[in-house]
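Visitor: Could you walk me through this one while I look at it? I'll ask as I go.

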Amino acid sequence: MKGLGELERSIMDILWAHGAPLTAREVGRLIADRDLAPTTVMTVLDRLTRKGFLNRTRDGRAWRYEPGASRDAYVAELMLEALDMTGDRSAALTRFAQTVSGSEAEILRQALTELEEE
């Protein structure tokens with residue numbers, strides 16, 4: 001999975017937050033901090049679809065776009081890719097564990113316990 005550019009990330013944030021499929025026009029209206037041409041929004045949505053980040057369905061003459069996976073799944077995939085970049089996954093995981101807060105560590109413990117019980 002490749003990373004997202006700044007505009008791609010902004011569009012994904014909108015779609016993740018909205019929770020329902022949106023048209024390119026609706027996405028364009030929700031990007032408040034940018035003055036983008038509708039064709040730019042459509043091009044980015046098409047690119048995100050080809051990359052596998054979005055699914056689209058026909059709605060009359062327009063397409064409706066929705067995320068192919070949750071934000072959490074995307075972030076988890078980025079974390080796994082970062083681990084793949086290291087020559088020593090154990091060292092990277094240990095360093096990561098040393099930097100998380102107590103409540104985050106408890107969440108990790110609970111998740112690992114649940115996995116062991118399966």
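Visitor: To start, in which helix does Glu8 lie?

Guide: Glu8 lies in helix 1, where helices (H or I, at least four residues) and strands (E, at least two) are DSSP runs, numbered from the N terminus. Before going on, note that this is a predicted model, in which local features need pLDDT of at least 70 and side-chain atom pairs count only at pLDDT 80 or more, while totals for chains, interfaces and linings use all residues. Residues are numbered from 1 along each chain as its sequence is written, and side-chain values use heavy atoms, with hydrogens and water left out.

Visitor: Is Glu8 buried or exposed?

Guide: Glu8 is buried, with a relative accessible area of 5%; the cut-offs are under 20% relative accessible area for buried, over 50% for exposed and partly exposed in between, with a 1.4 Å probe and protein chains only.

Visitor: And what is Glu8 in contact with, leaving aside its neighbours within four places in sequence?

Guide: With those neighbours set aside, Glu8 is in contact with Gly3, Val44, Arg47, Leu48 and Lys51, contact being heavy atoms within 4.5 Å.

Visitor: Let's switch to the sheet. What is the strand order?

Guide: The three strands form an open sheet in the order 1-3-2, with antiparallel pairing; two strands pair if DSSP finds at least two bridges between them. Strand 1 (22–23) and strand 2 (54–59) are at the edges and have a single partner strand each, so one side of each lacks a neighbour in the sheet.

Visitor: How many bridges join each pair?

Guide: Strand 2 and strand 3 (residues 62–67) pair in the antiparallel sense over six bridges, and strand 1 and strand 3 pair in that sense over two bridges. Within these pairings, Asn55 has Glu66 as its bridge partner in strand 3, Asp59 stands opposite Ala62, and Thr23 stands opposite Arg64.

Visitor: What about the hairpin of strand 2 and strand 3, which residue takes a positive phi there?

Guide: That hairpin has two residues between the strands, and Gly60 takes a positive phi near 70°.

Visitor: Now the core: how many residues are in the largest one?

Guide: The largest nonpolar core has 19 residues, and those with the most contacts inside it are Ile11, Met12, Leu15, Val27, Leu45, Leu48 and Leu54. Such a core is a set of buried Ala, Val, Leu, Ile, Met, Phe, Trp, Tyr and Cys residues joined through side-chain atoms within 4.5 Å. Helix 1, helix 2 (24–30) and helix 3 each supply at least two residues of this core, and the largest share, six residues, comes from helix 1.

Visitor: What does Ile11 touch?

Guide: Not counting residues up to four places away in sequence, Ile11 touches Val27, Ile31, Val44, Leu45 and Leu48.

Visitor: Back to Thr23, is it buried or exposed?

Guide: Thr23, which lies in strand 1, counts as buried at 12% relative accessibility. Leaving aside neighbours within four places in sequence, Thr23 is in contact with Ala62, Trp63 and Arg64.

Visitor: And Asn55, what does it touch?

Guide: Asn55 lies in strand 2 and counts as partly exposed at 41% relative accessibility. Not counting residues up to four places away in sequence, Asn55 touches Arg64, Tyr65, Glu66, Pro67 and Gly68.

Visitor: Where does Gly68 lie?

Guide: Gly68 lies in the loop between strand 3 and helix 4 (71–84), and Gly68 is partly exposed, with a relative accessible area of 42%. With neighbours within four places in sequence set aside, Gly68 is in contact with Phe53, Leu54 and Asn55.
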